Amino acid sequence: MNNSNEQYIGKQLVENLFNHNGVFVLPALTLLSSDHIRLISQHKIFLEPHDVVQVDSAAFYQIAVDECTSAMESIFEQLRFNKSKRLPMIELRNEVIPFIQRVSEKNDFYGILAALQSKDDYTYRHNVAVGILSTLLGKWLKLKPEELSMLTIAATLHDIGKIMIPAEILSKPGPLNEEELAMMKKHTTIGYEMIRDTVGTNHMQALVALQHHERMDGSGYPFGVLGHRITDFSKIVAVVDIFHAMTSDRYYRKASPLYEVLRQMEDNVYGKLDPYICSVFINKLMQSMIGNEVVLSDGRVGKIIMILAHDPLRPLVNIDEDFIDLSRHRDLGIMRVIPL
C-alpha cells in the first residue's frame, strides 16, 4: 500500500477519480477507506491534497470505527479457520491500530462514543471501543508514547480468546448457566496463550488478556488475584471494558444511561476497580460534559457549568438565574444528561 495515499483515509474525494489511462476508479464524494486506498495505489494514482476534502468529525469517527470493526471481524474469522492461533499482527498494525490512534487523537469523548454504539456486531466493535477508550484513558494517565502504543494493542486484543468460545454462548440472549459461564471465563487464559505465542507481542500485552476480569479485592477471574498482582495496563482495560459493556445494548439487556454507569463505577458496584484510574476516567468524562444540559431528579433542566474536583459526579448546575452546587444538595441528583 502506498504510504503517501494512506494519509487520506477518512477524507472524501472531490471529483470522480480516473487512472492514467482514463479508466474510471472511484466516484466523487467517496469516503476513503483503506480498501479504496489500496485500489487507488494499485492504479498507481498518487492523491494530492486538493483531491480530497475533510469530512466532519462524526462522519470520520463512524468510518474509522466501522473500518476497524470489519478489520477485527476478518482477523477473528481468519483465526477461527486457521488453526495456528498466531495472531495476524501485521494486519492489526496496518488496518486497525492507525485508525484507533487517529480517532483517539481527537479527544472528543462523546463524539467517539456515539460512533462506538454497537450496531449488531458488539463482539468486534467492543474490541475497537476498548482499544480507543483505553488509549484515551492512557493519555489522561500521562503514559509515555511507547507505553501508549503497547496499551493500544493490548486493549484491542483483550478479548481475542473469545474466538475459541462457541458463538451460541457469546450471543446467548439470557444469562449463562454455570457450565456456560465456566466456558466463557476461559477466554482470558486462551487469549493470554494466543498473544504469548505470537511473535511481535510482549508479555505485558498477554497479561491484559489474562487479567482484565481480575478485581482489586480478589473477586475477579481467572485466578482471583489481588490488586497488587494486577498490571496497570490490565487495570486500565478493566475500567474501560466495564464502561463500554454497560453503556452498550447487548443481546440480553439495554444499555444503561452513561451517568448511571459512572455513578455505579464510583460506588464500586462492579467489584473494585482501581480507585485512581477510575477517578481520572470519571473526572475526564464529566469535564467533557460541561455545557451539556441535564435533567435533575426534581424534573428541572439545567446546564453543567463546572465539575468539582472533590465530587465530580455532583457538578455545579445553572438553572435560569440559579446556580446549584449538587455536592451540597445531596437530595438532588442528575437523572440523565441530554446529548448536545
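## Basis of the description

Helices here are DSSP runs of H or I with at least four residues, strands are DSSP runs of E with at least two, and both are numbered from the N terminus. The model is predicted.

## The loop between helix 11 and helix 12

P222 lies in the loop between helix 11 and helix 12, and the peptide bond that joins Y221 to P222 is cis, with omega at about 10 degrees. Most peptide bonds are trans.

E214 has its place in this loop too, between helix 11 (203-211) and helix 12 (232-246). E214 is buried yet has no salt bridge, and R215, the nearest side chain of opposite charge, is 7.5 Å away; a salt bridge would need a side-chain nitrogen of Lys or Arg within 4 Å of a carboxyl oxygen. A polar atom of the E214 side chain does, however, lie 2.8 Å from the backbone nitrogen of F223.

## Helix 14 and what covers it

Helix 14 (residues 275-287) has 13 residues, and the distance from its first C-alpha to its last is 18 Å, close to the 18 Å expected at 1.5 Å a residue.

The buried residues of helix 14 are I277, C278, V280, F281, I282, L285 and M286. An α-helix has 3.6 residues a turn, so residues three or four places apart point the same way. The cover over the buried residues of helix 14 includes helix 5 (109-116), helix 6 (122-140), helix 12 and helix 13 (258-266).

Strand 7 (residues 316-319) runs antiparallel to strand 8 (residues 322-325), and four bridges join them. Within this pairing V317 stands opposite I324, while L316 has D325 as its bridge partner. The two strands form a hairpin with two residues between them, and D320 in the turn has a positive phi of about 50 degrees.

Strand 7 also pairs with strand 6 (residues 301-306), in the antiparallel sense and over three bridges; here K303 stands opposite N318.

L157 is placed in the loop between helix 7 (145-156) and helix 8 (167-170). L157 counts as buried because its relative accessible area is 2%, against a limit of under 20%. Leaving aside neighbours within four places in sequence, L157 is in contact with L87, M89, L92, I195 and A209. L308, 151 residues away along the chain, has its C-alpha atom 35 Å from that of L157.

Most residues other than glycine have a negative phi. L29, in the loop between strand 3 (24-26) and helix 2 (34-42), has a positive phi near 70 degrees, and K44, in the loop between helix 2 and strand 4 (52-54), has a positive phi near 60 degrees. L29 is exposed, with a relative accessible area of 56%, and K44 likewise counts as exposed at 58% relative accessibility, the cut-off being over 50%.

Technical notes
Residues numbered from 1 in each chain as written. Predicted model: local features only at pLDDT ≥ 70, side-chain atom pairs only at ≥ 80, totals over all residues. Heavy atoms only, no water. Buried < 20%, exposed > 50% of the residue type's maximum accessible area, 1.4 Å probe, protein only. Lys, Arg positive; Asp, Glu negative; His and termini not counted. Polar contact = N/O pair within 3.5 Å; in protein donor to acceptor, adjacent residues only side chain to side chain. Pairing = 2+ DSSP bridges. Contact = heavy atoms within 4.5 Å. Expected span 1.5 Å × (residues − 1).
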